[in-house]
Amino acid sequence: MMNHGGFRKNALTGVMFLFLLCGLAGCSSLKGNDAAGSPAAAGPAPLYYDGFNDILIPGELKPDRDASSTFQSRGFAAGMMVFKGRVDRGSLVAFFKENMAKDNWKLTGSVSTAKTILLFLKETRWCVIAISEGAWQSKAEISVLPSVLNIQNPSSGFDTSPLPEGAFPTN
């Protein structure tokens, strides 16, 4: 009688060896560099949106126009823009810290709990960026407001004259 146990054991070992070789070959093709050593293609290019030409948004985030509200008047834009996408919260925080500085925004404070909040100041505006991470995607809420200095400057387009007597009831 012939012993088939040794054949089965050798065949199973051979098949497992082939899977291992194929797996290793497949993993080497997933590296971030090609044979020339240049980095793999990055994600979508970052963009500026809706009159906010000094706040760069990562290309992986898409605007949520239903949740956004902006106001533009005499060359000034204010409001809140909401963006969503599959990006790690830490990566978003690093992206905004780096790119806001490049656009001459000064980071004046930050808080990180379930949501990370970054507070930036420029000559005439404040920018508050709130970043939260959900189960499937992250959300960046970007609010831009005039600074007090800009509101008090009559040439800014804001009416700073006092309200008429009785404008607000005292009762």
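The model is predicted, so local features need pLDDT of at least 70 and side-chain atom pairs count only at pLDDT 80 or more, while totals for chains, interfaces and linings use all residues. Residues are numbered from 1 along each chain as its sequence is written, and side-chain values use heavy atoms, with hydrogens and water left out.

Me: Why is arginine 89 said to have no salt bridge?
Reply: A salt bridge requires a side-chain nitrogen of Lys or Arg within 4 Å of a carboxyl oxygen of Asp or Glu. For arginine 89, which is buried (under 20% relative accessible area, 1.4 Å probe, protein chains only), the nearest side chain of opposite charge, glutamate 133, is 4.6 Å away, and therefore no salt bridge is assigned.

Me: Why are S6 and S7 called paired strands?
Reply: Strands (DSSP runs of E, at least two residues) pair if DSSP finds at least two bridges between them. Strand S6 (residues 106-112) and strand S7 (residues 115-122) run antiparallel and are joined by 6 bridges, so they count as paired. A hairpin of 2 residues connects S6 to S7, and valine 111 stands opposite isoleucine 117.

Technical notes: Helix = DSSP H or I, 4+ residues; strand = E, 2+ residues; numbered from the N terminus. Buried < 20%, exposed > 50% of the residue type's maximum accessible area, 1.4 Å probe, protein only. Lys, Arg positive; Asp, Glu negative; His and termini not counted.
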